[in-house]
Amino acid sequence: MPAKLRLIALGIILSLLAGMLWLLGTESGTRFVLARAEPYLPEGLELRSASGSFFGDVCLETVNWKSESLDIAVRDACVEVEIARLLSRHLAVRSLDVDALAIVSRPAPDAGPSDELPSFESPLRVSIDSSYLRNISFERDQLARSVDTIRFVGELSESSLDVSQLVLRSNWLNAELDGDIELANLYRSNLNLEWQWTESPSLQLKGSLSLRGDLRRYDLEHKLDAPQQLVTSGSFSYVANELELDLENTWGAFEWEVGDSLLQSRNGTLRLRGN
């Protein structure tokens, strides 16, 4: 190819790239791309009122997803993604901010009982550097719960979930979790949990949990710090749809007022073993 034609071809390619970058870097370009992508979105997913650019925060006024067993409604969500990493099948989320999230779950039609544990595998590597969700509600049958805030930092690669930070705050439960878990096969886990149950003013519970192992053997240690101290340690397994456990509970002497009654105990040990 003559040099002049090569220069012309290069100029055309550079012009196309410049136009694409300009399109992705403007709010009108964001709306254009999302409008063109709408016919290819999964069934039941709707995106509305986009603003921002793909080189910064993209904000959506509403995100709705409906299926036979699950409805999800998101309001005022902003996300910042490293677009270049999508070329290597990596969804790198720098920040995610959601003002309201509502989840309604119901039994799937014609879903019979299953002895198999669910499994999950992501086609993309997903990492989240920072996320902040507010005003979360969940409904299923007669159960309804609300959560004030959730903060999450972590990464999902295939079926491996690495949780650097998960913090939940509400008027009935506060919890902090970190560790990693395999969401398939033997469910290998290495998790640490700090929790506090605050729903009842007269009975507030507080404790910590560590879990190591997989379905063939999980080593567990749980410390209940309030209203009294109780340590549970041991192991359990779930193989061939059979749960087997060997847990020892120990406590020191205590006096505990329960309503108009007084519960007293000396040091004690209770071992639970069997299937």
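This briefing walks you through a few features of the protein shown above. The structure is a predicted model. Its secondary structure comes to two helices and 17 strands, and 27% of its 275 residues count as buried.

**The whole protein**

- The protein exposes about 18,300 Å² of surface, and carbon and sulfur atoms supply 55% of that area.
- Take the contacts in the protein with a separation of 6 or more: residues 24 or more positions apart account for 36% of them.

- Start with strand β14, which covers residues 242-251 and pairs with strand β13, residues 230-239, in the antiparallel sense over nine bridges.
- Within this pairing, you can find Tyr238 standing opposite Leu243 of β14.
- The hairpin of β13 and β14 has two residues between the strands, and Ala240 takes a positive phi there, near 55 degrees.
- Strand β14 also pairs with strand β17, residues 268-274, again in the antiparallel sense, this time over seven bridges.
- Here, look for Thr250, which stands opposite Thr269 in β17.

**Arg216, a loop residue**

- Arg216 is found in the loop between β11 (203-214) and β12 (217-226).
- Is Arg216 buried or exposed? Arg216 is exposed, because its relative accessible area is 56% and the cut-off for exposed is over 50%.
- The side chains of Arg216 and Asp214 are joined by a polar contact of 2.7 Å.
- If you leave aside neighbours within four places in sequence, Arg216 is in contact with Leu186, Ser237 and Val239.
- Arg216 and Leu243 are 27 residues apart in sequence, and their C-alpha atoms are 10.0 Å apart in space.

**His90, a strand residue**

- His90 is found in strand β4, which covers residues 90-105.
- His90 counts as buried, because its relative accessibility is 4% and buried means under 20%.
- Which side chain makes a polar contact with the side chain of His90? The partner is Ser127, at 2.8 Å.
- Not counting residues up to four places away in sequence, His90 touches Arg85, Arg125 and Ser127.

**To recap**

- Strand β14 pairs with β13 and with β17.
- Arg216 is exposed, whereas His90 is buried.
- Each of these two residues has a side-chain polar contact to find in the structure: Arg216 with Asp214, and His90 with Ser127.

Key. Residues numbered from 1 in each chain as written. Predicted model: local features only at pLDDT ≥ 70, side-chain atom pairs only at ≥ 80, totals over all residues. Heavy atoms only, no water. Pairing = 2+ DSSP bridges. Helix = DSSP H or I, 4+ residues; strand = E, 2+ residues; numbered from the N terminus. Buried < 20%, exposed > 50% of the residue type's maximum accessible area, 1.4 Å probe, protein only. Contact = heavy atoms within 4.5 Å. Polar contact = N/O pair within 3.5 Å; in protein donor to acceptor, adjacent residues only side chain to side chain. Areas by Shrake-Rupley, 256 points an atom, 1.4 Å probe, with all protein chains shown as cover.
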